[in-house]
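Me: Can you walk me through this one? I'd like to go from the packing to the charged pairs.

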Amino acid sequence: MYVSSNGAVALLQTIFFRQAARRGHSNIVETLREAGADLGGADIENSFITHEIVKATGRGDVKAVDIWRLAGYIIDHPEG
């Protein structure tokens, strides 16, 4: 499989962005968002982010939910 350098950069940016949000690094999330990073449709379609939101909500982790919101995920009903 061949991935162009632009494609590789975009893929790495998405991976770093998702991991920064998952680990609670709001400053990195904000910087990457300003640089044009997004969560990528696959994460949302496969419900990875929804699963993370449900876990955060279940443990009362408002900071984690706020970081996913900062990352661009619109949270209507995080309970599922």
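Predicted model: local features only at pLDDT ≥ 70, side-chain atom pairs only at ≥ 80, totals over all residues.

Me: Let's start inside. Which element gives the most residues to the largest nonpolar core?

Reply: The largest nonpolar core has 13 residues, and those touching the most other members are Phe17, Ala21, Val29, Leu39, Ile49, Trp68 and Ala71. Two or more residues come from each of helix 1, helix 2 (26–34), helix 4 (48–58) and helix 5 (62–70). With three residues, the top contributor to this core is helix 1.

Me: Which residues is phenylalanine 17 in contact with, leaving aside neighbours within four places in sequence?

Reply: Phe17 is among the core residues that touch the most other members. Contact here means heavy atoms within 4.5 Å. With the sequence neighbours left aside, the partners of phenylalanine 17 are Val29, Leu32, Arg33, Ala37, Asp38, Leu39 and Ala71.

Me: And phenylalanine 16, is that buried or exposed?

Reply: Phenylalanine 16 sits in helix 1, which spans residues 5–22. The cut-off for exposed is over 50% relative accessible area. Phenylalanine 16 has 51% relative accessibility, so the label is exposed.

Me: How far apart in space are glutamine 13 and aspartate 38, C-alpha to C-alpha?

Reply: Glutamine 13 belongs to helix 1 and is partly exposed, at 23% relative accessibility. Not counting residues up to four places away in sequence, glutamine 13 touches Leu32, Ala35, Gly36 and Ala37. Glutamine 13 and aspartate 38 are 25 residues apart in sequence, and their C-alpha to C-alpha distance is 8.4 Å.

Me: Which residues are linked with Glu52 in a network of salt bridges?

Reply: Lysine 55 forms a salt bridge with glutamate 52, the closest N and O atoms being 3.4 Å apart. Lysine 55 and glutamate 52 are three residues apart in helix 4, so about one helical turn separates them. Lysine 55 is partly exposed, at 35% relative accessibility. The residues linked with Glu52 in the network are Arg22 and Lys55.

Me: What about aspartate 61, which residue does it form a salt bridge with?

Reply: The model has four salt bridges by count. Aspartate 61 is partly exposed, with a relative accessible area of 24%, and arginine 59 is exposed, at 51%. The closest N and O atoms of this pair are 3.4 Å apart, and the partner of aspartate 61 is arginine 59.

Methods
Residues numbered from 1 in each chain as written. Heavy atoms only, no water. Helix = DSSP H or I, 4+ residues; strand = E, 2+ residues; numbered from the N terminus. Buried < 20%, exposed > 50% of the residue type's maximum accessible area, 1.4 Å probe, protein only. Core = buried A, V, L, I, M, F, W, Y, C linked by side-chain atoms within 4.5 Å. Salt bridge = Lys/Arg side-chain N within 4 Å of Asp/Glu carboxyl O.
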